[in-house]
Structures are given as C-alpha cells and as structure tokens.
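User: I would like to go through this structure and ask what stands behind the labels. Please set each value against its cut-off.

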Amino acid sequence: MSTKTRVLEVLYQQPRAFISGEDLAAALGLSRAAVWKAVHSLKAQGIAIESVAGQGYRILAQEDVLCLETLRQALQSPEIELQFFDELDSTNRAAKEWALAGAPHGSLLVAARQTAGRGRLGRSFLSPQGGLYMSILLRPREEASTAVMMTAGAAVAVCRAVASLSGIQLGIKWVNDLFLQGKKCCGILTEAGTGFENASIEYMVLGIGINVTTTAQQLGEHADVATSLAAGGDWPVEATRAKLAAAVYHQVLEVYGELGDKAFLPEYRDRSIVLGRQVRVLATPVYEAEALEIDQEARLIVREPNGCRTALSYGEISIKLDK
Ligand code: BTN
C-alpha cells in the first residue's frame, strides 16, 4: 500500500477531526516530512484535506475523487492487482492486453473517462467524466459454457453493489443492460480469450460502464434513452465512484463463486424487465416475440407469433423493448 493510501486511510478514520502531523507520522511509522509530502500530493489530486498550523490535517469531505489512492482505500484488499487511468481509450482493450501479459485472476483496471469506450455488437460506449469505467479480469476454471454465464452474473453483481450503497434497485434488460426508471444507466461488455487446443476460456474481461453522476447534457442525444444513478436524486453523495468500483468488484467475485450452483439466477430473473413483455429480436431478419422465461443457462426464451419457442443466447442477438 502506498504512503498516500495509508495517510488517506488514517484521515478517513476520523472525518473532519484534526490529526497532527506528528501523530500521523507515528501511526504510520513515517517521518513528518514523508507525511507532508503525501498530503501535498493528495491535495494536488483534488482531495479535500485541510492543513492548519499547530493543529494538523483533516479530511473535509468525502469528495468523489477517483484515483489510485481512493480506489485502494475503498477496496480494502491490498493484494488486488489494480491499475487506474484518468483517461484511457478503453479499459477492456487495456485489460485484454494486461491479460496477455499475464495479469492474474481478479485484476482490476479502472478509468475516470474513456475516449473510445466499446459497447456490445461493435457499438461505442459514451464515457465522459462522472461515469465509472472498469474491467475485471477473470481466469475461469469452469467449462466455457458455465463461464459465459458471468455475463449475466455481472449484471446481478452491479445491481447488488448499487443497492448496497444506495438502496436503488436496478432492473436488468436481457442480457446485461441495467435500467433505472425506464432508461439505461449501465452497460456490460464481456470479452474472452480462448485456448485453441481445448476450446477453454483462458481469460475473461468483464467491462462495466456505469453512468454515476453523468448529466443529461453529457449524455446529449442519448438522454432520452440513457440516464445516470444520480439523475433521480436518490444517489447518496457519500457513495463515491471509488466506493462503487470497490462494491462492484467484490460483488462480481462473489457472484463468480456462485457460478457452480447458479445461485444468482433467481435474482437475475426477479430483476428482469423483459419477462412477459413483447420484444423485438434484433436478428436478421428482425422479428417480434413475447419474452417468456430465462432458462438455467441464462438464455432468454421467446415465443414468436407463430407459436415457435426460441432460446436466445448472449452474443448472438440483441432485443428491443416495445414501449
Ligand atoms: C453496452 O452497453 O453495449 C456495453 C458497454 C460496456 C462499456 C464498458 S465501460 C468499461 C469497459 N471498457 C469498454 O471499452 N467497454 C466496457
């Protein structure tokens, strides 16, 4: 853990109370000069630390500063391989590169904004400041057919994380778009690297993009179909993007542990906003159908107007909800 992370940790333990440089240095086994340097650098990153001569340092507010230190602090697990970028083309692109370079299971890559965010089916994903863009690297030991269910599992994980921080309950539009009040607030893109010899999954990158405090202005032409967690006014100010990233990360790994018995599937179904509704299946050609159920493989079972039942698999197809 870096000196900055440790200093921040001590300051966060007593929000708004002054801690003298001497006490901080003693608590951390550092020199006062090292503490001063760390505080100076944290302040330069935008973290609201006040220094008063004769009193020491105090953290003024839990501001939403997303950086390596706030992420480390929120994750509370120093062993996690973590990379952070203020700006990046795409966390999924970088995470795949990292995977090929040998990054271990559970590595995490986060960006505060993306310049070329990738969406499903070759689309782009608008990624301005105010959102959270993260990719989690998994090296599944399960068979490929089981591992791909993490696509649905990630949706449940994000719903749980958001609910734990705010009480906000998100809906899932098959397969893994998350909706709040009828608009999309989170997209998930799973990409995998496979082993040629045994058709196994060597690594899987779960890319998660959440509009946290993104404004309608930032969403621009997408504002009629997209929203952010904060748009409804119920997102707590203390729920920073760093805390959200940490909550999502831990929930993803928890759901990963449920892959074997598929324990997350009932919640996935309960949160579905498509079941029982008319959908448009964006296949070639496009067709209308009724969404009937989600099976044990997280496939969406639809009934076409001619009565034919079809199981839709992730990756092949997209659906549109009829209003
Ligand atoms: C979709 O809705 O089509 C999926 C969007 C996935 C966006 C996330 S943001 C973090 C990660 N990096 C990317 O380039 N894409 C995913």
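User: Which residues is Glu191 in contact with, leaving aside its neighbours within four places in sequence?

Analyst: In this predicted model, Glu191 is in contact with Asn92, Lys96, Arg118, Tyr203, Met204 and Val205, once neighbours within four places in sequence are left aside. Contact here means heavy atoms within 4.5 Å.

User: What makes the pairing of Glu191 and Asn92 a polar contact?

Analyst: The side chains of Glu191 and Asn92 are joined at 2.8 Å. The limit for a pair of N or O atoms is 3.5 Å, with one able to donate a hydrogen and the other to accept it. The 2.8 Å pair of Glu191 and Asn92 therefore counts as a polar contact. A polar contact of 2.9 Å also joins the side chains of Glu191 and Lys96, and the 3.5 Å limit applies there too.

User: Why is Glu191 called buried?

Analyst: Glu191 has a relative accessible area of 15%, and buried means under 20%, so the label follows. Glu191 is found in strand β8, residues 183-194.

User: Why does Arg93 count as partly exposed?

Analyst: Arg93 has 26% relative accessibility. Partly exposed lies between the buried limit of 20% and the exposed limit of 50%, so Arg93 belongs in that class. Its place is in helix α5, residues 91-100. Arg93 and Glu191 are 98 residues apart in sequence, while their C-alpha atoms are 9.4 Å apart in space.

User: What is noted about the phi of Gln181, and is this residue buried or exposed?

Analyst: Gln181 has a positive phi of about 45 degrees although it is not a glycine. Most residues other than glycine have a negative phi. Gln181 sits in the loop between β7 and β8. Its relative accessible area is 66%, and exposed means over 50%, so Gln181 is exposed.

User: What makes Lys262 buried?

Analyst: Lys262 has a relative accessible area of 18%; the buried class is under 20%, so Lys262 falls in it. Lys262 is found in the loop between α9 (241-257) and α10 (265-270), and has a positive phi of about 55 degrees although it is not a glycine.

User: Where are cis peptide bonds reported?

Analyst: One joins Trp174 and Val175, with omega about 5 degrees. Val175 lies in the loop between β6 (171-173) and β7 (177-180). Another joins Thr284 and Pro285, with omega about -5 degrees. The place of Pro285 is in the loop between β10 (278-281) and β11 (287-294). Most peptide bonds are trans.

User: How do you know that the radius of gyration agrees with a compact globule?

Analyst: With 323 residues, a compact globule would have a radius of gyration near 20 Å, and the chain has 22 Å, which agrees. The C-alpha atoms fill a box of roughly 80 × 45 × 35 Å along the principal axes.

User: What else describes the chain as a whole, in secondary structure, burial and contacts?

Analyst: The secondary structure comes to 10 helices and 14 strands. Buried residues make up 51% of the 323 residues. Among contacts between residues at least 6 apart in sequence, 62% join residues at least 24 apart.

User: How far apart are the mean positions of the positive and negative charges?

Analyst: The mean positions of the 32 positive and 36 negative charges are 3 Å apart. The accessible surface of the chain comes to about 14,700 Å², of which 50% belongs to carbon and sulfur atoms.

Conventions:
Residues are numbered from 1 along each chain as its sequence is written. This is a predicted model: local features need pLDDT of at least 70, side-chain atom pairs count only at pLDDT 80 or more; totals for chains, interfaces and linings use all residues. Side-chain values use heavy atoms; hydrogens and water are left out. Helices (H or I, at least four residues) and strands (E, at least two) are DSSP runs, numbered from the N terminus. The radius of gyration is taken over C-alpha atoms; the globule rule is 2.2 Å times the number of residues to the power 0.38. Buried means under 20% relative accessible area, exposed over 50%, partly exposed in between (1.4 Å probe, protein chains only). Accessible areas come from the Shrake-Rupley method with a 1.4 Å probe; for residues, only the protein chains shown count as cover. Lys and Arg count as positive and Asp and Glu as negative; His and the chain ends are not counted. The place of a charge is taken as NZ of Lys, CZ of Arg, CG of Asp or CD of Glu.
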